[in-house]
Amino acid sequence: MVLYDYGVDLKSSFTFKDGDIEIVEGDDNISQAISNRLNTITDSLDLFYEDYGSLFLGFLGWKRNDETLRFMKIELDKCLTDDPRIDSFTSELSYTDTGAVRIDISLNGFENTELNLILDGTSVSVVEEEAI
């Protein structure tokens, strides 16, 4: 019995498998979907998708302090709430030693509930825990 239809999407590296573009499914798909939404400026795709994207990248260049992290968390939580597959979650943001923003998300109801992302000055990307 399938509890969640996580969806299927193209693998963003555009690698090929068996002569076709490889796809991501399940937990990898939700990670990619969150990253894509955070990296897309709100309404930049309004011709195709209504209210898709975020203002998250707009915080690049702001002072590195707790107030900025609070604003970023508000935007992150809005993006997570906008995904209909996500029922509940917790999120934390912090600065790394290099000044990048570390984003830790725990999704309730998904097999792999822990997502680690990093905003490194140009975009949000999914990273392995050891790389942070």
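1. Contacts along the chain. Take the contacts between residues at least 6 apart in sequence: 35% of them join residues at least 24 apart. This is a predicted model, and every value here is computed from it.

2. Fold order. The chain has 8 strands and 2 helices. Reading from the N terminus, the order is β-β-β-β-α-α-β-β-β-β.

3. Burial and surface. The chain has 132 residues, and 36% of them count as buried. Its accessible surface comes to about 8,500 Å². Carbon and sulfur atoms account for 51% of that surface.

4. The largest nonpolar core. This core holds 21 residues. Ile34, Phe56, Ile103 and Ile105 touch the most other members.

5. Ile105 up close. Which residues is Ile105 in contact with, leaving aside its neighbours within four places in sequence? The list is Ile34, Leu76, Leu80, Thr90, Ser91, Thr113, Glu114, Leu115 and Leu117. Ile34 is also among the residues that touch the most other core members.

6. Asp27. Is Asp27 buried or exposed? Its relative accessible area is 12%, and the cut-off for buried is under 20%, so Asp27 is buried. Asp27 is found in helix α1. Asp27 and Thr113 are 86 residues apart in sequence, yet their C-alpha atoms are 8.1 Å apart in space. Thr113 is also one of the residues in contact with Ile105.

How values were computed:
Residues are numbered from 1 along each chain as its sequence is written. This is a predicted model: local features need pLDDT of at least 70, side-chain atom pairs count only at pLDDT 80 or more; totals for chains, interfaces and linings use all residues. Side-chain values use heavy atoms; hydrogens and water are left out. Helices (H or I, at least four residues) and strands (E, at least two) are DSSP runs, numbered from the N terminus. Buried means under 20% relative accessible area, exposed over 50%, partly exposed in between (1.4 Å probe, protein chains only). Contact means heavy atoms within 4.5 Å. Accessible areas come from the Shrake-Rupley method with a 1.4 Å probe; for residues, only the protein chains shown count as cover. A nonpolar core is a set of buried Ala, Val, Leu, Ile, Met, Phe, Trp, Tyr and Cys residues joined through side-chain atoms within 4.5 Å.
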